[in-house]
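Reader: I would like to learn how to read a structure like this one. Could you take me through it feature by feature?

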Amino acid sequence: MSFPVKPSFSRRKTLRTPDDLIAAGLVPPQQHEMLDDVAQHYATAIPPAFLDLITSPDDPIGVQVVPSAQELEIAPEERSDPIGDNALSPVPGIVHRYADRALLKPLLICPLYCRFCFRREHVGPDGGVLDDAALEQALEWLRTHKQIREVILTGGDPLMLSPRRLGHIVAELSRMPHVTTIRVHSRVPVADPERVTDALLDALETNKAMWMAVHINHAREMSEPARACLKRIVRRGIPLLGQSVLLRGVNDSEQALEDLFRAMVETRMRPYYLHQLDPAPGTAHFHVPVEEGQRLLAGLRGRVTGLAWPLYVLDIPGGYGKVPLGPEYVQGPQQVKDPKGETHKLDRL
């Protein structure tokens, strides 16, 4: 860190409160009232490993995690549940949007809280975990729905679970004959790599196909500890996928995207999705128009290997699912076609 901090500040603690952020020099003291207002709505957590990457509060790392007054500005098209998870949840902890796969959300806690998160009104340190009864109900739903072939562990962040709890979930999924694939979605390997212990990796052992999708938005997130963590995961035979969100001020340039995708491939991670930003409350300042995103990716054509080429996707608000942002899906200004062929008018494309 190159910004001023209070003498009493500890770099080895997770920053959670306005006082923590001010002591770390990330926000000036006169913004304390603003921080209090933001904290009434959205959680903050910046773990030491991620804090070490921030050179200034408005650099591509700091912008992702340092609270801003702009988060209190809610645009008309923004929604508390922008991709429609709630309407597609048959029991607590399960989201069933696609026929052959389902999300299992065993907790709503993350190692850090991204300021652009589409679940930002639901996640937080008080989000808790599914208790034993709720978890069993979710697992029973998966057992009795034989069409489910893939279970995606998300949340929150499943790698925030204890090894015992995570191991129990993986073991129960592994006993379901119809489930062939388990996918873990996590930010922990870059946000808090020390958390990925041998015990946690042991908990992921299964006879099923185990994949891990890691959320990374900027090449600088690939610190040496993060790379070492990812190498340990690969050594366990777990293939890595990279997921990113196109964000203003973070990766909205050809060079930033090239550096990010190259860093992924260097760590044996296949860039999987580049997400168009979901319209969660208070996120408009991160928005990059679809046409600009398409131009950025087109500019990388021929500059990077096909291994470093993700699918640019939009999760249509309301639970209609992801569509690639290719010309056959974008139907002119502010319109997009869903997988069923229906056209939707969106305010934020």
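Author: Let us start with burial: a residue is buried under 20% relative accessible area, exposed over 50% and partly exposed in between, using a 1.4 Å probe and protein chains only. By that cut-off His275 is buried, because its relative accessibility is 14%. Before we go on, this is a predicted model, in which local features need pLDDT of at least 70, side-chain atom pairs count only at pLDDT 80 or more, and totals for chains, interfaces and linings use all residues. Residues are numbered from 1 along each chain as its sequence is written, and side-chain values use heavy atoms, with hydrogens and water left out.

Reader: Where does His275 sit, and what is it in contact with?

Author: Contact here means heavy atoms within 4.5 Å. Strands are DSSP runs of E with at least two residues, helices are runs of H or I with at least four, and both are numbered from the N terminus. His275 belongs to strand E7, residues 269-275. Leaving aside neighbours within four places in sequence, His275 is in contact with Gln243, Ser244, Val245, Leu246, Val313 and Lys322. One of these, Ser244, is 31 residues away along the chain, with 6.0 Å between the two C-alpha atoms.

Reader: How many helices and strands does the chain have, and how compact is it?

Author: The chain has eleven helices and eleven strands.

Reader: What share of the contacts joins residues at least 24 apart?

Author: The share is 72%, among contacts between residues at least 6 apart in sequence.

Reader: Which domains is the chain divided into?

Author: Domain bounds come from an automatic or database domain assignment. Here domain 1 covers 24-70 and domain 2 covers 92-335. Their centres, taken over C-alpha atoms, are 23 Å apart, and 21 residues of domain 1 are in contact with 27 residues of domain 2.

Reader: Is Asp59 buried or exposed?

Author: Asp59 is buried, because its relative accessible area is 5%. You will find Asp59 in the loop between helix H3 (48-51) and helix H4 (62-65). Not counting residues up to four places away in sequence, Asp59 touches Leu53, Ile54 and Arg220. The C-alpha atoms of Asp59 and Val250 are separated by 7.6 Å, although these residues are 191 apart along the chain.

Reader: What about Glu150 and Thr154: where do they lie?

Author: Glu150 lies in strand E3, residues 150-153, while Thr154 is in the loop between E3 and helix H6 (163-174). Glu150 is buried at a relative accessible area of 15%, and Thr154 is buried at 9%. Beyond neighbours within four places in sequence, Glu150 is in contact with Asp100, Arg101, Ala102, Thr181 and Arg183. With residues up to four places away set aside, Thr154 touches several residues, among them Leu103, Leu107, Arg119 and His185.
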